[in-house]
Amino acid sequence: MCGIVGIIGTKPVADAIVEALRRLEYRGYDSAGVSTLENGRLTRARAEGKLRNLEARLSEVQLGGHTGIGHTRWATHGAPTEQNAHPHMTSKVAVVHNGIIENFQELKDDLVAYGAVFSSETDTEIIAHLITRYIEEGATPIDAARRCLKELSGAFALAILIEGQENLMIVARQGSPLAIGYGDGETFVGSDAIALAPFTNTITYLEDGDWAVLTRDGAEIRDLEDRIVNRPVQKTIATTLLVDKGNHRHFMAKEIHEQPEVVSHTLSSFADIAEARIVLPDLPVDIEKLDRLTISACGTAYYAGLIAKYWFETYAGLGVEIDIASEFRYRNVPLKSGGLSLFISQSGETADTLAALRHCKASGQKTVSVVNVPQSTMARESDAILQTLAGPEIGVASTKAFTCQLVTLACLAIGLGVKKGLIDRDRERELVNALVSVPRHMSHVLQMEDQFEDICHILSKARDVLYLGRGTAFPIALEGALKLKEISYIHAEGYAAGELKHGPIALIDENVPIVVVAPGDELYEKTHSNMQEVAARGGQIILLTDQDMEQNGLELAAKITLPPTHPLVHPLIFALPVQILAYHTAVFMGTDVDQPRNLAKSVTVE
Ligand code: M6R
């Protein structure tokens, strides 16, 4: 994940910025850079690789100046070269950026026509050129930045310096976290409080859509509509911890809110976003000959695998055998030597999944693991790994690891489809662009969080809750039920909507809320019939959808309408409301959200 640091100070800042960037190293990066304002002029030093390379560069060029920005970059648009490293700048503007600018190509085309000369392959550089253009056209620096921000589409965090403005930094947050830190005559900005811990423990977290004008005296924060807003100033304990809760009450809430950022980073490692192409690492099988895949995982990771089964079938033409690892390991599954087995695990240490992996290896299978911890046993014992870049997940209930697993598996399915000749270039472009839009849509859903409160009150009074879904919404129903039961202790079950009549319908009466996950796709009508069956028996329907479909007189207890998205990414978007529902219901009930009773984060025993 990229990291951002900025300081408007009273003494030279370059070394302090590197020190703060070092605290963001845990997020992973492949190049780094610093820009300062020295006597009003923008300077810059960048280096490929680790921070020690940047330090070596800084010892040669010695950047002065009391105002500066720094960045650690995890490559998204363009290779991890010095040329693509941040800050990106013109003679007037320097910028560091975290996230993806989705509409960068059209903005770039306009800027090239205007006469801008680009020196990197990044999406970020358009920001420096666009603000420069507006300044050249007569706008003040703040207005130029404001106009630029309004034109950007995507999920991002930014810090911007302007030539000649040593007491000014403009920062913005849309989907990627950003914290402002307050010192004595100094102001700071960082991707998280951990970066700012050497300077201050007095922090304000920006909310999505916020942008702020920083000076040495503090910050003026504005929201999406340009209204000045007061965000709480809080004391952080990040000085002593490598992970903290930010401005959230629980790690789970923080991790839910990190999803636009971590999904974007994970996507960046399996896709060339500028080219809208999937880029997979080498896999230990001949993909053209591959016709079957075996998947094993536990819990939430298993549900990620269930969703991926639909994708592997649809996009890669692969038959999929998927099982819960604790069952798989004791079945006598006939495994063809040289076949491919896939394992999915946040921790990479889950005993049953590890045993399934060892069983497959012993049967001559090639093994690939989707893991979040690259040093884990599963990562070490697999023939290849696809690493999710969710960062440390502390809450026992898995959230961001799940959506990062999904985006990884979607890339794998599309990449295999391309290699097998089932997906042409146009289709690949369409599917990758759908994935690129996910962080922005997730950020939109997170801004709807208040709408979920009334539903959580309904759920908190229930003894049993049913979740229904069809297609890829079925595993989301299973995941929603698991989330609710593990942190609120309310009994919940997920069912395929078509199974309702085969048994679960007997449970329905006016005391049973039924959460229906129903994107407006070709299966919606079928699910609508199931909702009518539920309504006829007095069930309270809570509909999660993404379209304003005709309800034909159907009475709903509640309805949440998410932004409409490409069918490929429905599960990535619908994962968020079921997480939010579980989280707020548990908070309302006063349970131990991050460490629910009887559960361990990583189940390393059978
Ligand atoms: O570390 P893993 O992904 O292998 O863990 C698998 C399950 O134990 C895990 O997903 C569990 O179901 C979570 N508590 C769900 O929120």
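I looked at the lining of the largest pocket by class: 15 nonpolar, 8 polar and 21 charged residues. My classes: Ala, Val, Leu, Ile, Met, Phe, Trp, Tyr, Cys and Pro are nonpolar, Asp, Glu, Lys and Arg charged, and the others, Gly among them, polar. This is a predicted model, where local features need pLDDT of at least 70 and side-chain atom pairs pLDDT 80 or more, while totals for chains, interfaces and linings use all residues. Numbering runs from 1 along each chain as its sequence is written, and side-chain values use heavy atoms, without hydrogens and water.

I took a pocket as an open set of points on a 1 Å grid over the protein atoms alone, where a 1.4 Å probe fits, with protein on both sides within 12 Å along at least five of seven lines; lining residues have an atom within 4 Å of a point.

Which residues lie nearest the centre of the largest pocket? I noted Arg 173, Glu 207, Asn 247, His 248 and His 257, out of 44 lining residues. Helix H7 (251-257) and helix H19 (570-589) each give two or more residues, and H7 gives the most, with 5. Helices here are DSSP runs (H or I, at least four residues), numbered from the N terminus. The volume is about 970 Å³, meaning the space filled by probe spheres set on the points, joined across faces, edges and corners.

Next, the second largest pocket, at about 700 Å³. Its 31 lining residues include Cys 298, Gly 299, Thr 300, Leu 482 and Val 603, the closest to its centre. H9 has the largest share of this lining, 5 residues. Domain 2 (251-436) and domain 3 (449-589) both contribute, so this pocket lies between them; the bounds come from an automatic or database domain assignment.
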